[in-house]
Amino acid sequence: MNGDVIMYINVLGAGLAGCEAAWQIARRGIPVRLYEMKPYKKTPAHSSDHFCELICSNSLKAARVESAAGLLKEEMRRLGSLLMQCADQCAVPAGGALAVDREAFSSMVTERICSHPLITVVAGEVTDFPADGITVVATGPLTSDALAEKIIARCGGSLHFFDAAAPIVTAESIDMGLAFTASRYDKGGDDAYINCPMNKEEYEAFHAALVSAERAPRHDVDVMNPKVYEGCMPVEILAGRGQDTLRFGPMKPVGLRDPRTGHRPWAVVQLRTENCEKSMYNLVGFQTNLKFAEQKRVFGMIPALHDAEYVRYGVMHRNTFLDSPKVLGADYAMKDQPELFFAGQMTGVEGYMESASSGMLAGINAARRLQGRAPLILPKETMMGALADYVAHAQSKDFQPMGANLGILPPLEEQIRDKRERAAAYAQRALKLLAPYTE
Ligand SMILES: Cc1cc2nc3c(=O)[nH]c(=O)nc-3n(C[C@H](O)[C@H](O)[C@H](O)COP(=O)(O)OP(=O)(O)OC[C@H]3O[C@@H](n4cnc5c(N)ncnc54)[C@H](O)[C@@H]3O)c2cc1C
């Protein structure tokens, strides 16, 4: 304390956004109190004791900078992101994506946070806003009930929808006599994915079982009218849209040839490795709300998974976010209470690194507020700036979470027809405009 001026910043939640926010504040020389309810209490989707847990996929999406997700990650790298440093060190083979060994990643972030001399971790559930000082709220889409009530009371209501997670199986339980390793079109190494092929009869029997399988009940208040984020749509719901929907979606066989037959399979389930040891694999795109026994029965109809052993079954959960355009500015602070910042999925950004990027900016701006400096508002041409701008200025009516995508960037001055070249031009412009802000 310095007189009656509080010389630290509170960060609530040590998830993707909270860890990045705490790190950014601390690296600006300001002490942080980081509150996390683990290990005493966990949300229904978190299971590890570590911070920064990836609760579903272990993919941080496309790696190449000429893509929306790749550009976001590159911007974060250039602004000194802790999570990007750790992700790059914990990468596992994943074709064109950056995927990480989730255990190694979370423990590395936890270690870096806990060993920082300016970060004090306070373990336990937070049930109200801290009485004093600048605060960054980053308790995520599954914020515990007591605090969620306080946030709703403070922010005037909230919205929610549903998200689902895919199952994970052990590598040794996959029948490799019926599967093959390959990336689509041989891009990104030939062992990036394990592919479980199906012929027409196998696929049709699987599809019929999937659409009629028993689903788990949901207990949330709006169970009668749930909104499900399209990117996390349960596989059984996708299957219900038509016999071939999965063959054009997560089970598409394009770019793959089964070495046993020499032909493209009728359908393919791709498995992506979860860890560097390649001892666990997730079923890509197979997020589900089926009862656990039904997952074992129905996914067991995938020939290579007939004896699969499940490390984790798929689950479906409520996901809460604010009506941000009404309450937040592009600095991620509340418009009518500039000492209270929000970060992460609850602000209406969607995805791991999008959440982390908002944590970076909220942390940087919380630090700048304490230092009496103007907030950092990045150009809208950068992906981080565009996401912050979306959160603050999107149409509030039916506000929906947004992941990194090139569509939220202002159009280029010149029209470029080739998709890849266009993406490259967006990336080049963004990184040029970001340059004055990098260290
Ligand atoms: C079921 C499910 C599946 C998902 N799958 C994906 C996916 O595959 N890919 C993807 O990109 N995104 C996915 N998401 C979105 C994902 O939640 C975000 O991308 C990311 O985890 C959000 O980061 P965050 O920091 O906002 O929240 P989190 O990472 O959830 O971190 C919040 C932290 O706050 C803590 N906390 C909560 N309440 C309190 C409290 N009262 N006091 C103290 N601590 C508290 C929690 O324990 C947690 O550690 C999924 C979300 C859900 C719910």
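Two residues are in contact if their C-beta atoms, placed from the backbone, lie within 7 Å. This is a predicted model, where local features need pLDDT of at least 70 and side-chain atom pairs count only at pLDDT 80 or more, while totals for chains, interfaces and linings use all residues. Residue numbers start from 1 along each chain as its sequence is written.

Select helix 2, residues 68-78; helices (H or I, at least four residues) and strands (E, at least two) are DSSP runs, numbered from the N terminus. Nine of its eleven residues are buried, among them A68, L71 and M76; buried means that 20 or more other C-beta atoms lie within 10 Å of the residue's own, each C-beta placed from the backbone. These buried residues pack against strand 3 (59-62), helix 3 (82-89), strand 5 (97-100), helix 10, helix 11 (383-393) and helix 12 (419-434). After helix 2 comes G80, with a positive phi near 85 degrees.

Next, colour domain 1 (9-157 + 323-437) and domain 2 (165-318), whose bounds come from an automatic or database domain assignment. Their centres, taken over C-alpha atoms, are 29 Å apart. Between them, 20 residues of domain 1 are in contact with 19 residues of domain 2. On the domain 1 side, helix 4 (residues 102-114) supplies the largest share, three residues.

Definitions and conventions: Buried ≥ 20, exposed ≤ 12 C-beta atoms within 10 Å, placed from the backbone.
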